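Have the coordinates open as you read.

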Amino acid sequence: MASLSIVVPAYNEEQRLPQTIEKLSSFANQHSWDFLEILIVNDGSGDRTATIVSAQAQADPRFRLVENPGNRGKGYAVRNGMLSAKGAWRLMTDADLSTPIEEALRLLEIAQQRQAAVVIGSRALDRSMITKHQSLFREYGGRLYNLMMKICTGLPFVDTQCGFKLYRADAAEASFSRQRLDGFSFDAEALFIAQKHGFPILEVPVPWANAEGTKVTVGGTAKAFFDLMEIRKNSLKGLYN
């Protein structure tokens, strides 16, 4: 089967991690892989996140703890994981597994059949696949963000913020080695870079269920809009070349 790295950014996830690790382990065991690794990136957590992952890594060498130098943000954590990964395909997924990890197989199949270098999960292409919605404030805030994202970056996608994305190794290395944003807009930035370098990108609907305990803050969301303009400025400066 495929060579896959699963990258999970984690910040103060001690409550969620045992169940997440169990699901990831079950997924790994149910399939035959050419290569599989699960990288959980600790973003300077103040709880037992690192301890839990370290214990799992000792029991199962497919798991690996990757440490950030302090709390640097989800964008930094995903970049650290993607560039530390060794798989031919690299999947980023949130620690809450809002999209079931089994969807990785469908994204892999689509990528290989349609020769895509990046396949991104989308909540907006088929909203009937959302089994538990966010608050109306967050849902409509997301739609406004996506409109601004299209204006600032020219990307055609309807949902860049779903935390379930598959990158081929070369696309991951080209995109994340040039990524500069550590906050909410890093997803759009990485996709912008991938498109700029000619990697074929597909957006596909995925099932999704909102999980309580989001780390997104009002301040972080506001900064995300300014970061979209930063992507445009960085591109004009040639920083993504």
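A cavity, on a 1 Å grid over the protein atoms alone, is a set of points where a 1.4 Å probe fits but cannot get out, and its lining residues have an atom within 4 Å of a point. Grid points are joined across faces, edges and corners, and a volume is the space filled by probe spheres set on the points. The model is predicted, so local features need pLDDT of at least 70 and side-chain atom pairs count only at pLDDT 80 or more, while totals for chains, interfaces and linings use all residues. Residues are numbered from 1 along each chain as its sequence is written, and side-chain values use heavy atoms, with hydrogens and water left out.

**The cavity and the cysteines**

One cavity of 30 Å³ or more is found, and the largest cavity holds about 30 Å³ of space. Its lining consists of T93, D94, S98, T99, C162, G163, F164 and W208. That lining divides into three nonpolar, four polar and one charged residue (Ala, Val, Leu, Ile, Met, Phe, Trp, Tyr, Cys and Pro count as nonpolar, Asp, Glu, Lys and Arg as charged, and the others, Gly among them, as polar).

C162, one of the lining residues, is buried with a relative accessible area of 1%; buried means under 20% relative accessible area, with a 1.4 Å probe and protein chains only. C152 also counts as buried, at 10%. The model has zero disulfides, a disulfide being a pair of cysteine sulfur atoms within 2.5 Å.

Strands (E, at least two residues) and helices (H or I, at least four) are DSSP runs, numbered from the N terminus. Strand 1 (residues 3–10) has eight of its eight residues buried, with S3, S5, V7 and P9 on one side and L4, I6, V8 and A10 on the other. From strand 1 the chain crosses through helix 1 (residues 17–29) to strand 2 in a right-handed β-α-β crossover, meaning that, with the strands pointing away from the viewer, the path from the first strand over the helix to the second runs clockwise.

In strand 5 (residues 118–122), five of the five residues are buried, so this strand is largely enclosed by the rest of the structure. V118, I120 and S122 cover one face, and V119 and G121 the other.

Two strands pair if DSSP finds at least two bridges between them. The pairings are these:

| Strands | Sense | Bridges |
|---|---|---|
| Strand 1 and strand 2 (residues 35–42) | parallel | eight bridges |
| Strand 1 and strand 4 (residues 89–93) | parallel | four bridges |
| Strand 5 and strand 7 (residues 164–168) | antiparallel | three bridges |
| Strand 5 and strand 8 (residues 201–205) | parallel | five bridges |

Among the partners, V7 bridges to L39 in strand 2 and L4 to W89 in strand 4. V118 stands opposite Y167 in strand 7, and I120 has E203 of strand 8 as its bridge partner.

How values were computed: 1 Å grid on protein atoms, 1.4 Å probe; cavity = no way out; pocket = protein on both sides within 12 Å on 5 of 7 lines; lining within 4 Å. Buried < 20%, exposed > 50% of the residue type's maximum accessible area, 1.4 Å probe, protein only.
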